[in-house]
Amino acid sequence: MTDVDGALVRAENVHKWFGQNEVLKGVSLHVGRGEVLSIIGPSGSGKSTFLRCINQLETYQKGRIHVGGELIGFEDRGGRLVPLPNRRIVAQRRNIGMVFQQFNLFWHMTVLENIIEAPMLVLGQRRVEAEATAMALLERVGLSEKAHAYPMKLSGGQQQRAAIARALAMKPDLMLFDEPTSALDPETTGEVLNVIADLARSGMTMIVVTHEMAFARQVSDRVVLMEDGKVDCEADPETFFRDQPSARLKAFLATIH
Ligand SMILES: Nc1ncnc2c1ncn2[C@@H]1O[C@H](COP(=O)(O)OP(=O)(O)O)[C@@H](O)[C@H]1O
Ligand SMILES: [Mg+2]
């Protein structure tokens with residue numbers, strides 16, 4: 001993947017309607033390679049929809065999203081957006097890992113089998129190679145001893161760390177996290193946030209939708225407030241949380257403190 005103007009992700013004026021309901025009203029955002037962007041904002045403001053448009057779980061209807069210089073989901077024919085065929089969309093999605101609030105593991109497979117599935121099926125890796133990568137990833141997320149356990153036997157935090165390892169096994173250029181700790185107990189939230197912070201330090205480019213303000217402040221390079229389908233304001237974390245550079249941000253932060 002090649003970048004345009006140093007940005008791995010470049011969203012320009014992205015609009016998305018569900019029927020008559022316009023949920024993204026012109027979102028523009030850039031994420032530099034190696035950068036961590038946190039998105040905060042009230043429920044229903046379009047955060048999940050925006051992430052889902054980046055990896056084409058939803059299609060946007062207007063604007064442009066480029067990842068690594070490649071227009072996501074469409075071909076630009078003289079300014080007209082023509083949807084890509086499904087196999088091209090699948091190929092684009094391969095480079096983008098996503099971790100959801102709910103863990104989305106395959107319940108009938110062990111943790112190891114969960115992780116090697118896509119690398120073998122999609123990337124054509126041999127089992128020995130896929131397993132070696134998977135074991136290294138499990139080590140990294142602190143789950144080596146759970147390789148042969150079924151997801152049901154794991155705590156929520158362990159399941160989420162397994163889901164992160166599974167996403168990383170595809171060697172993505174970009175990781176998207178949609179409220180990865182919202183379904184977790186306070187005790188296990190920390191262990192998942194530590195894994196994400198470690199990934200940030202390793203240079204992974206990430207967009208993290210989160211309610212964890214301390215995490216957003218400590219780990220992000222930039223923080224964005226999304227409200228009503230738009231970017232309300234964005235800044236580096238110090239400025240963002242200290243100066244609270246918009247009235248809506250002040251109001252939002254007041255609701256969660
Ligand atoms: N699949 C869908 N069909 C119809 N409306 C949807 C769908 N997904 C989300 N929406 C609507 O889009 C808006 C934004 O939702 P969402 O992106 O989930 O917000 P957030 O993640 O910020 O809470 C909400 O009004 C929601 O009801
Ligand atoms: Mg959401």
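A residue is termed buried when its relative accessible area is under 20%, exposed when over 50%, and partly exposed in between, with a 1.4 Å probe and protein chains only as cover. The structure is a predicted model, in which local features need pLDDT of at least 70 and side-chain atom pairs count only at pLDDT 80 or more, whereas totals for chains, interfaces and linings use all residues. Residues are numbered from 1 along each chain as its sequence is written, chains are lettered from A and ligands numbered from 1 in the order in which they are written, and side-chain values use heavy atoms, with hydrogens and water left out.

Thr 181 counts as buried because its relative accessibility is 6%. Thr 181 is situated in the loop between β9 (174-178) and α6 (186-201); helices (H or I, at least four residues) and strands (E, at least two) are DSSP runs, numbered from the N terminus. Leaving aside residues up to four places away in sequence, Thr 181 touches Thr 189, Val 192, Leu 193 and Glu 212, where contact means heavy atoms within 4.5 Å.

The protein as a whole contains nine helices and twelve strands. Of its 257 residues, 51% are buried. Among contacts between residues at least 6 apart in sequence, 64% join residues at least 24 apart. The C-alpha atoms occupy a box of roughly 50 × 50 × 35 Å along the principal axes.

Ligand 1 is surrounded by Phe 18, Asn 21, Val 23, Pro 42, Ser 43, Gly 44, Ser 45, Gly 46, Lys 47, Ser 48 and Thr 49, a residue being near a molecule if one of its heavy atoms lies within 4 Å of it. β2 (21-32) and α1 (47-54) each supply at least two residues of this shell, and α1 gives the most, with three residues.

Oxygen atoms of ligand 1 lie 3.2 Å from a backbone N or O atom of Ser 45 and 3.0 Å from a backbone N or O atom of Gly 46. For Lys 47, an N or O atom of the side chain is 2.7 Å from an oxygen atom of ligand 1. Taken alone, ligand 1 exposes 560 Å², of which the protein buries 59%.

Terms used: Polar contact = N/O pair within 3.5 Å; in protein donor to acceptor, adjacent residues only side chain to side chain. Areas by Shrake-Rupley, 256 points an atom, 1.4 Å probe, with all protein chains shown as cover.
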